[in-house]
Amino acid sequence: MKVDVDAHPTAGEVPPAPDRAALVSLGSTFRGELIGPRSASYHERRKVWNGSVDRRPVLIARCTGASDVVAALAFARRTDLPLAVRGGGHSFPGFSVCDRGIVIDLGPMKGIRLDPDAGTVHAQAGVLLGELDSATQAYGLAVPLGSVTHTGLAGLTLGGGFGWLMRKHGLTIDQLLSVRIVTADGELVTASEDENADLFWGVRGGGGNFGIVTSFEFRLHAIGPTIQSGLLFWPLDDGPEVVRFYRDWASSAPDELTTVLVLRRAPAVELVPKELHGKPVVGVGSCWAGPLDGGERALEPMRRFGRAAVDLSAPRAFVEHQALFDSSFPHGLWVYSKATDVAALSDDVLAVAFEHAGRITSPRSTITAWQLGGAVARVGEFETPFGSRSSGHLVDILGATDTPEGFEQERDWARACWTDFAPHHVGVYVNWLMEEGEERVRQAYGEERYDRLKALKRRYDPENVFRLNQNIRPD
Ligand SMILES: Cc1cc2nc3c(=O)[nH]c(=O)nc-3n(C[C@H](O)[C@H](O)[C@H](O)COP(=O)(O)OP(=O)(O)OC[C@H]3O[C@@H](n4cnc5c(N)ncnc54)[C@H](O)[C@@H]3O)c2cc1C
């Protein structure tokens, strides 16, 4: 164990030191690193992905394993400090860091144990999506995950986990076989279909409300290693025609094809020609999770439609495809998200989207719509807490800037756009919520699932120890 809580002076406000006796007691068993406000790495370690979040905990406990998690949780309970739990730190509202509390940081927990014969993989809670993909793709296997490789596996899984393989194989939670989880009373238990089945139901979408997951066990699927990857951009002026074509093409596509529609200014990245940088565009991304030649045929109609300004479609290594959007979402981006599900990309929905897409000023802001259906919709509505199975598309309106400059304007843009979508709201993905209050969390789950989650919360966390999340209140 390395205690480094007093080494260097810190800039700015210093939160009060935690109870010394409790800290000494923690230090006697903790194997990882304990970082306080005067530690050299404090300011680096308190950062989360969303650059607009600036909070100062009294202690960051960098855990190396389940016993560290148990010890850090006991410390938090003994001192009654606010408790934030961090996987990859990508929560939009920044729930994985807090003011004047403790952060249980699972980042160092990177273990991955793969059993290709059984078709399963165990991954610890500090693993990032790209790390898991690299390990599984070495065997031509994959767990369906999200679309940006530096996102944390833990938070993504606990909220549901949509991504490029979802229409073929389902959400990330649909692959989950078991978890090891430390409950509020400090017990490390297994939750699966056979053991603590109620808890297992809750963690497949109910977020971090019921405990701290230390590891996940997933079912694997054969993927790639080369897949047919599609990325097309048209000028926004061609948008309405393109999107009407897209709507028909995507809705009749087989489950192998998962697609996303993106409205934004073209990113200034290497893959996009310079003359298009910063210009308003409509983009269609796609991934074909099947034999390569079938993918080429499936993509062909969309590639041939209109005059695509950029066509980056090609057979790609699956891990490369998974990283296609990484450079659009760097660490430290100032971000405000407003999300909604819609039943369909009706003409009215598209009219709202295009009106507001035309007003985007920041090259970082986006409207994205991920197409659901396929395997996602074939899992029963109440088999997991995930509330969007019967929605048509997950829509996210992301106001984003590289620095504080212009951020408020993008936030206002996102809010205004979302408000105009209101007649079409049919739900919302819980992992895309900001800190928006209980009503919105209820909307994410729907009444029946929310009531069941509440009963589970009363059983497993009646004192609401785990509340820095999309909170399901026990009372
Ligand atoms: C750039 C970017 C791209 C994204 N793309 C996708 C996507 O393609 N698909 C998708 O489904 N979502 C996507 N998301 C949303 C993502 O699922 C959430 O932001 C998710 O919460 C990130 O998990 P994390 O571990 O990185 O976050 P963290 O901020 O570490 O945690 C998020 C929440 O989960 C809790 N938590 C984390 N780890 C644990 C644990 N082990 N036990 C209990 N509670 C825990 C935290 O306390 C916090 O409340 C994206 C987000 C970003 C920022």
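**Exercise 1. Find the volume of the second largest pocket and describe its lining.**

Step 1. The second largest pocket has a volume of about 390 Å³. Here a pocket is an open set of points on a 1 Å grid over the protein atoms alone, with protein on both sides within 12 Å along at least five of seven lines. Grid points are joined across faces, edges and corners, and the volume is the space filled by probe spheres set on the points.

Step 2. Before going on, please keep in mind that this is a predicted model, where local features need pLDDT of at least 70, side-chain atom pairs count only at pLDDT 80 or more, and totals for chains, interfaces and linings use all residues. Residues are numbered from 1 along each chain as its sequence is written, and side-chain values use heavy atoms, with hydrogens and water left out.

Step 3. Now turn to the residues: 18 of them line the second largest pocket, and R45, K47, R86, G88 and H331 lie nearest its centre. A lining residue has an atom within 4 Å of a point.

Step 4. By class, this lining holds three nonpolar, eight polar and seven charged residues. Ala, Val, Leu, Ile, Met, Phe, Trp, Tyr, Cys and Pro count as nonpolar, Asp, Glu, Lys and Arg as charged, and the others, Gly among them, as polar.

**Exercise 2. How many cavities of 30 Å³ or more does a search of the whole structure find, and what lines them?**

Step 1. Rolling a probe the size of a water molecule over the atoms shows where empty space is left. A cavity is a set of points where a 1.4 Å probe fits but cannot get out.

Step 2. The search finds two cavities of 30 Å³ or more.

Step 3. Around the largest cavity you will find residues including L261, V349, I367, T368 and F421. At least two lining residues come from each of β14 (257-265), α11 (347-357) and β19 (366-371). Helices (H or I, at least four residues) and strands (E, at least two) are DSSP runs, numbered from the N terminus. The classes here are 11 nonpolar, one polar and no charged.

Step 4. The second largest cavity has G159, G205, F386 and Y445 among its lining residues. Its lining divides into six nonpolar, four polar and no charged.

**Exercise 3. In what order do the strands of the five-stranded open sheet stand, and which strands are at its edges?**

Step 1. The order is β6-β7-β11-β9-β10, with antiparallel pairing. Two strands pair if DSSP finds at least two bridges between them.

Step 2. β6 (112-115) and β10 (188-192) each have a single partner strand, so one side of each is left without a neighbour in the sheet. Neighbouring strands are turned by 15 degrees against each other on average, direction ignored; axes are lines fitted to C-alpha atoms, for helices over the stretch in contact, and angles run from 0 to 180 degrees between N-to-C directions.

Step 3. Follow the partners across the sheet. Four bridges join β6 to β7, where D115 stands opposite T120. T120 also has R219 in β11 as a bridge partner. β7 (120-124) and β11 (212-219) pair over five bridges, and Q124 stands opposite S215.

Step 4. Four residues separate β6 and β7 in their hairpin, in which G119 takes a positive phi near 70 degrees.

**Exercise 4. Which bond is the cis peptide bond, and where does P225 sit?**

Step 1. The cis peptide bond joins G224 and P225, with omega about 5 degrees.

Step 2. P225 is in the loop between β12 (221-222) and β13 (226-235).
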